[in-house]
Structures are given as C-alpha cells and as structure tokens.
Amino acid sequence: MSATIINGKEISAQIRQELRQQIQELHHARGITPGLAVILVGEDPASQSYVTAKERACQETGIYSDDNRLPATTTQQELLQLIQQKNQDPRIHGILVQLPLPRHIDEQAVIAAIAPEKDVDGFSPISLGRLMLGQPTFLSCTPHGIIQLLLRSHVNTDGAHVVVVGRSNIVGKPVANLLFQKAAGGNATVTICHRHTRDLAHFTRQADILIAAAGAPHTITKEMVKPGAVVIDVGVNRVSAPDSPRGYRLQGDVDFAEVSQVASQITPVPGGVGPMTITMLLYNTVLAAKGEIR
Ligand code: NAD
C-alpha cells in the first residue's frame, strides 16, 4: 500500500477536544450549556444505535442531551407539536430528528418545522439554501466532515478537480456545493456523477480528489483512479461476513485494498468519514449555542 491513511477517528478526536474547550468557555463567560434535542420515532435498530451514539457523544463532550424516543404510531401532528415545544425551549439549542421517519410522516414538513437557528442537521431548505449561497449556516454534518478531513490533512482543494459520485441531498449535492464555494476547503472545479452518468470511469480518472458516495461496494476500483489522487470513501455498506460476531462487516464504496495502491491519501471504512458525522453535529450544536446563526 502506498497511500497515506486519512484517519477520521484522530481528526474527529481533535475537533471534539477543541469543542470541549469552547463549551467550557461558553459556560464560564455566558453561563450557557449547549443542548441538543434528539428525536427518534419508531424502533428501527440502525436508527436506535445512531441516536444512542449521538447521545453518548453529547455527554462525553459536555453537551446537554435531551432524549425523545417516540412510538412508531406517533402522528405527524404530535411530532410537529414536540418540535414546536423544542423550538421554544431555551435549554435546547439544536434539534435533530433521526431519519428516516415512518412512512405516514412527511419528512420535509418535519424538517421545515425546525427553527432555522436550531437546524443542526442542516437539512432544511433554509440551511441548504444558505450553504449554496455561501452564507453562514449549519453545514450538513457528513459534507462538512469531509471538508474538515481534507483541510486537516492538508489536501489543497483550490483549483483541484473534484469528482463526486452521488447526488443525494444529504451527501452528494451539499458536498459538491461546499467544494466550489469561495472559501477554505473550496475553490475546486467540481464534477457530479450519478446513476445516469455515462462511463463513470472516464470522469473518476480525471479526479485529483475523488469522493465516493454511491452506497454500493466496489463502485470505485483501481482502474478508475488517477495515480496520486486523494480518495474519500463515504459509503457504509453492510456485507455478509459469517465469521464475524455480527454476521456482517462494513465496507465502503471503494475497493480499499486495490485503490490504496494508487491513491496518495485515502479514508478507510470504518474510521474515515463515519466518525466525522457525529462530530460535526456536536460542532453545529455548539455553534447554535453561541447564537451566531439566526
Ligand atoms: P443515496 O442512495 O441517497 O444516493 C446514492 C447516489 O449515488 C445517487 O445519487 C445515485 O445516483 C449515485 N450512484 C449509485 N450508484 C452509482 C453508480 N454506480 N455510478 C454513479 N452514481 C451512482 O445515498 P446517500 O444517502 O448519499 O449515501 C451514500 C453512501 O454513503 C451510503 O453507503 C451511506 O450509507 C453512506 N453515508 C455515510 C455517512 C457517514 O456518516 N459515513 C453519512 C451518510 C451516508
């Protein structure tokens, strides 16, 4: 292997340490403890474990975590009422509604009900619109985590050609937007590929920085990567592994064993982008507590 590993766990730990300090300062200077309301509807096991991880991360960092676990039968009206309550609660600076929601609830209506100054997931039309305009806002957590990985690994995006594989609202679109903003971690030339792209490899081979967010293992193989490129693997795919205790293991979208032979820097899965997502949620909660985003 020739590529250097971009270690998401280490970078994430660094940022959390910075946040702990800021939280202490906020407390001493203004008597504020950042508060995050986490709302989970239903019993989906993956969502339960994400929510538990978020609550634990809050506690470890010094953020007040307000845990709201509701039954799958919760109506949209009841959920909207709870959000209104949290919008008005001064102890709560950020509100996170774990997605996906049960089918009878309109996700967009729920996201739009979160007050813009508490939208720490950065998924509302207001937050995403501000991101696109380059205005101060809550940046969506996974895209912001990717930018932090690049910045803190000294990867220069200025003038670089970045190819993003995937155009989802939570990863592909926002990360592409961040990368071409006039800002640190931006100023790149960005190509966005998706399922309708003809000859994906033709584009990925031109990337100085390749971001894979397709949601399928082995989407990116060695032949698709320019030697020396930086490769960020967002994918988290469960693949069957009968000998592992859980019966599965996590694999990215990139063929790590092969691609790490040609890339200059690469994120592993797990331990790359994954740890950054919750960390940037904590970051946004602290930003919300500072009251700088209105
Ligand atoms: P999604 O399914 O909403 O979007 C996938 C995108 O990839 C689509 O736009 C699709 O057009 C494109 N795509 C799929 N196969 C392709 C192919 N062969 N060629 C070109 N484009 C292709 O997924 P998502 O929500 O954006 O998530 C993507 C992956 O990232 C998933 O594995 C998900 O689990 C993971 N993810 C990880 C984190 C994290 O914190 N690490 C956060 C969010 C998502």
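Predicted model: local features only at pLDDT ≥ 70, side-chain atom pairs only at ≥ 80, totals over all residues.
Helices, taken as H or I runs of at least four residues, and strands, taken as E runs of at least two, are DSSP runs numbered from the N terminus.

**Helix 6**
- Helix 6 spans residues 141–152, and its 12 residues reach 16 Å from the first C-alpha to the last, close to the 16 Å expected at 1.5 Å a residue.
- Of these 12 residues, 10 are buried, so that the helix is mostly covered.
- Among the buried residues are Cys141, Pro143, His144, Ile146, Ile147 and Leu150.
- The buried residues pack against helix 1 (8–30), helix 7 (172–180), helix 10 (274–290), strand 7 and strand 8.

**Strand 8 and its partners**
- In strand 8 (residues 230–233), Val230 and Ile232 point one way, Val231 and Asp233 point the other way, and all are buried.
- Strand 7 (residues 209–212) pairs with strand 8 in the parallel sense over 4 bridges, and isoleucine 209 stands opposite valine 230.
- Strand 11 (residues 265–266) also runs parallel to strand 8, to which 2 bridges join it; here glutamine 265 is the bridge partner of valine 230.

- The structure holds 1 cavity of 30 Å³ or more, and the largest cavity has a volume of about 40 Å³.
- Val97, Leu99, Ile111, Ile114, Asp119, Asp121 and Phe123 line the largest cavity.
- This lining comprises 5 nonpolar and 2 charged residues, with no polar ones.

Technical notes
Residues numbered from 1 in each chain as written. Heavy atoms only, no water. Buried < 20%, exposed > 50% of the residue type's maximum accessible area, 1.4 Å probe, protein only. Pairing = 2+ DSSP bridges. 1 Å grid on protein atoms, 1.4 Å probe; cavity = no way out; pocket = protein on both sides within 12 Å on 5 of 7 lines; lining within 4 Å. Points joined across faces, edges and corners; volume = space filled by probe spheres on them. Nonpolar A, V, L, I, M, F, W, Y, C, P; charged D, E, K, R; others polar. Expected span 1.5 Å × (residues − 1). Contact = heavy atoms within 4.5 Å.
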